[in-house]
Amino acid sequence: PREAVDAEVNSNTAQAMGAVTDDEVIRKRLLIDGDGAGDDRRINLLVKTFFKWCNSGSHEEGYSQYERMLGILAQCEFSMGKTLLVYDMNLREMENYEKIYKETESNIMAAHEKIAECKKQIQQAKRIRKNRQEYDALARVIQTHPDRHETLKQLEALGKELQHLSRIKESVEDKLELRRKQFHVLLSTIRELQQTLENDEKLSEADDVQETRMDTQ
Amino acid sequence: MTSSRAEVDLQRRLELVHMTVFCQSFSPCGKYLAAGNNYGQIAVFSLSAALSSAAEEEDQKSVITFTAHDGPVYSLVSTDRQLISAGNGDVKAWNWSEITKKGCKEAWSRKPPFRANLELPEINCLLLNQKDNTLLTAGGDAVVHVMDMETGAFTQAFQGHMDYIHCLALRDQYNECLSGSEDGTVRLWDLRTGQEAQVIDVYRHQECARPQYGKWIGCLATESEWMVCGGGPALTLWHLRSVTPTTVFPLQDCQQQVMFYQDLILSAGNNPTINHCQISGGVKAQIPCTAPSVYSLAINEQSQENMVLTVAGSSSKVDIFTNFQYRAFSLSFE
């Protein structure tokens, strides 16, 4: 009700001034001090007290009104000071938020870059791992085959044995040839002797026959 | 009218149940995925829409589905401007720019020179050799045909396999290509001379042979000196220069798709899992996926923001793995 009265007073003065419409004024007043328990009331009270003080009769009443006025003024100043401080604080808070916002943005960018960097590193690491695994796979196959030195040594040993055995074989064959020749010589000598003996026998038989024939004649 | 629509719906739903997606390919810009199925249809999905943060149910369906071949589409590959598809005996090309605008007219269609004229053998695998600008095709006739992309003429034919060819791989540095076939061998062909450089009888090696599954080589992948192959025999990593099997991976099922990725080997086969294997021989992870049997694995390496793994197989759904460790969502072939 108080607000409505004030609004009416204001709209009357506004109509007298002929400047702005009722609604705007009402809206502005409601926005600034909607609850009606603050500064607006104080200023009105101040104005009324001022009038009372001007129209006051006795000295005491005037003095009390004066005191009351000072009190109200002080309250208004206090309220204004508070509002200014709050305004300053809001401004600083805004700056702070701007700063934090910018910082967060740059952090996000840095994080993006780091992510890209890490991705590259992952690719590199994957390539390295792949190469290692390929190497391991081949190494496993190679391990299943015997050592080259071992095999070479075995080959050498086998070669030597082969040589040795072939030498033995040669010598045995030589001996065989020699024996064969000796047997051949022996056998041919035996046959010659046989022949000679047979010839001798034949000769002696022939001689005998001749002798007997000569005897009978 | 309504009963026929219901019939059509029912038929479509039956088709979806029996659908198998055999192949996939990413567009050159990395924003679209094309998948081919056993009904001869190719569906194009918008990956950028499906992966965006504002994706909805609609973005997981195809942008356009068109019938490309009379038979199944077995293989898809992309050049920097065209999508090339292969089915039962013919190779067709479609312009990516037209497909994304929902046009489905083929740019050209060719047939490799097969010997038998009575039936057209299927083309199981397409491979693009960007160095020579040629396309290699291989399939049912056990011959690898080389087609020059500019003229469209079939220049070389590598003969030697005894049975049909499942898969191809390319070794750029040595100008060679490898083919894996049903006859159990992996053959290396010299692309310049057209001669067979080497034959690897995978099934004869005791370490990897699994006679209970057969000797067919279902999948091949190669990277510099190494080759990984699997199928009937166990998935094995081979060192090509010495032609020795270095690591046999302990996977029970027959692997149908394999690829090298960073330091891992990704493979999939008759089980509904993707196996992440390490070169040292351990199976690091087995990630479940929708399809009970996986026929196609693809990684979108060309696009940074849409770098996903897509998996397709005997299901009408194509799984998308954004982080390769788990399935994010699935695109469906509608």
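1. In this predicted model, A:Phe50 has a relative accessibility of 38% and therefore counts as partly exposed, since that class lies between the limits of 20% for buried and 50% for exposed.

2. The ring of A:Phe50 pairs with that of A:Phe51.

3. Over all chains, a search of the whole structure returns 10 aromatic pairs. One of these involves B:Phe158 and B:Trp189, which are stacked, with 5.4 Å from centre to centre and 10 degrees between the planes. B:Phe158 belongs to strand 12 of chain B (residues 154-159), while B:Trp189 belongs to strand 15 of chain B (residues 185-190), so the pair ties together parts that lie 31 residues apart in sequence.

4. B:Phe158 has a relative accessibility of 1% and so counts as buried. B:Trp189 is likewise buried, its relative accessible area being 1%. For each residue the criterion is a value under 20%.

5. Chain B also presents charged groups placed over aromatic rings. The charged end of B:Arg110 sits over the ring of B:Trp108, at 4.4 Å from the ring centre. In another such arrangement, B:Lys215 has its charged end over the ring of B:Tyr203, 4.7 Å from the centre of that ring.

Notes
Residues are numbered from 1 along each chain as its sequence is written. Chains are lettered from A and ligands numbered from 1 in the order in which they are written. This is a predicted model: local features need pLDDT of at least 70, side-chain atom pairs count only at pLDDT 80 or more; totals for chains, interfaces and linings use all residues. Side-chain values use heavy atoms; hydrogens and water are left out. Rings of Phe, Tyr and Trp (its six-membered ring) pair if their centres lie within 6.5 Å; planes under 30 degrees apart count as stacked, over 60 as edge-to-face and the rest as tilted. Buried means under 20% relative accessible area, exposed over 50%, partly exposed in between (1.4 Å probe, protein chains only). Helices (H or I, at least four residues) and strands (E, at least two) are DSSP runs, numbered from the N terminus. A charge sits over a ring if NZ of Lys or CZ of Arg is within 6 Å of the ring centre and within 35 degrees of the ring normal.
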